[in-house]
Amino acid sequence: MRDPYSFTPMLEDGVGGRPPRSLLLGSDLTNTRQEIGKFSEKDAKVYPDFLRYLETLACAIHPLLDAPPVDIPGLTQGSLTKRLSALRSLKPLVKSGLKLGKNIPDFYELVTAPAMKVLNRWFESEPLIATLATDSVIGANTSPNNPGSGYVLLHHVMGELEKEKGSWGYVEGGMGGVPQSIARSARSLGADIFTNTDVEQVLIGPDGSAKGVVLTDGTEVHSKVVLSNATPHVTFKRLTPQDALPEAFITAVDQIDYTSPVTKINVAVDKLPDFLAAPNGADGKAGPHHQCSIHLNCESVEVLEDAYWEGQHGRPSSRPMIEMTIPSVLDPTLAPPGCHVVSLFIQFTPYLLEGRRAWTDEDKERFGDTVFDWVERYAPGFKASIVGKDILTPADLERVFGLTGGNIFHGSMSLDQLYLARPLPSIADYRSPVKGLYLCGSGSHPGGGVMGAAGWSSALRVLADFKRL
């Protein structure tokens, strides 16, 4: 468990020889309010009310995340028996509506409005607003001032860990432990898992239904059902024979938005980062802030907005939004003694430079240097401590992990691609036009990140071995 969970250092000259200010947020509300009070006593006072406001909305709609969307075709088509059966799909929606009650207008506003409209009503201090605003854009090609960013903010507070709502944590041994655990559970129930075995296409029988898959070596694996946790694009454009799908459906699949602003940089360092705003002690041990999501270039919304607009014009942000995590602080199994692994989740970077040119190795190195230069300003000595790095642009995330467009959500989490419309209105219930072929990845409801920013890249490397089954 990570607690505290958020650290935002400032780039400023300290006053009276003191370090620059910083903002540390955690579950201890007394300490958190003291931290916020450094910037605004008013914000410190209302912050607990804001958390309750978000939790109320998140708890109310949680039933929608664990159930298929409303079965619209079932309710509107077929026999009376089928329509009555489809009424059951309304239960989670009704349950959420009843829990929301008088908060329905608040929920509607949050999911449709720009996050800034809501945050500005609650708070006045830039560091707090900007820190909270990062959750409204993380992994999404949007700005806190764009409609719909409020839902992204809510989505990132809806999870829970060890029954603690909104909590975050690191998986011991790296995020690959998640799929490995799933694999062990599957094997205990009789599943066979084949790795490094590429699927060429879904096998379609004479009756037009899915009968299994064909591997790249020509081997046929027969089954009654095929589940795909690949993106909708990979599933329906690369793996499914096109003559098995309606032309109108293929056209709709082509319109799914996979735009991604994310570049991921994994770094190995030979010493713990030392932040000006929270200097390391003489013993060299990690402080509470080292276990957090460390927000760099997040002191003001204006900085986030400038970074966003540079990305929209096909340029990697010159002052990018950086979310740094150091999971080895809490999990020493990830690095040798005294060394650490650092994950840098960076926005905003385009898939194509200037809208037309692919990234070269020189482009990646240049952008990596830009990122490291900014980290260096917050934590002098960081660049000299780097002993290894892996720079993954949106195109690399697509090439290595099969993430279409580099999008970590398997499709944008925009209002037109959520709930009844995720990934398309015609297949929101996970059934594809091919009988027996189902979609089960993040591109289907309820969506969300493939893995947490604390190290989803390593998990994807493991998941990539499972390929597209």
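Residues are numbered from 1 along each chain as its sequence is written. Because the model is predicted, local features need pLDDT of at least 70, side-chain atom pairs count only at pLDDT 80 or more, and totals for chains, interfaces and linings use all residues, while side-chain values use heavy atoms, with hydrogens and water left out.

Confidence comes first. The chain has a mean pLDDT of 89, with 94% of its residues at 70 or more; pLDDT is the predictor's confidence in each residue, from 0 to 100. Residues 451-469 stay under 50, and the model gives them 66 contacts beyond four places in sequence, a contact being heavy atoms within 4.5 Å. Where pLDDT is low, the predicted coordinates should not be read in detail.

Next comes the second largest pocket, with a volume of about 390 Å³. On a 1 Å grid over the protein atoms alone, a pocket is an open set of points where a 1.4 Å probe fits, with protein on both sides within 12 Å along at least five of seven lines; lining residues have an atom within 4 Å of a point. Its volume is the space filled by probe spheres set on the points, which are joined across faces, edges and corners. Of the 16 lining residues, L64, F107, Y151, L418 and Y419 lie nearest the centre. Two or more lining residues come from each of α2 (41-65), α5 (91-100) and α6 (104-112), and α5 gives the most, with four. Helices here are DSSP runs of H or I with at least four residues, and strands are runs of E with at least two, numbered from the N terminus.

Strand β1 (residues 6-9) is covered on both faces: S6 and T8 are buried on one side, F7 and P9 on the other. Buried means under 20% relative accessible area (1.4 Å probe, protein chains only). β1 runs antiparallel to β2 (residues 22-25), joined by four bridges, and P9 stands opposite S22. With β10 (residues 293-296), β1 pairs in the parallel sense over two bridges, and F7 stands opposite I294. Pairing requires at least two DSSP bridges between the strands.

Helix α8 (residues 126-133) is mostly covered too, with seven of its eight residues buried. Finally, T393 sits in the loop between β13 (386-392) and α16 (394-401). T393 is buried, at a relative accessible area of 1%, and beyond its neighbours within four places in sequence it contacts V262, T263, W359 and K364.

Key
Buried < 20%, exposed > 50% of the residue type's maximum accessible area, 1.4 Å probe, protein only.
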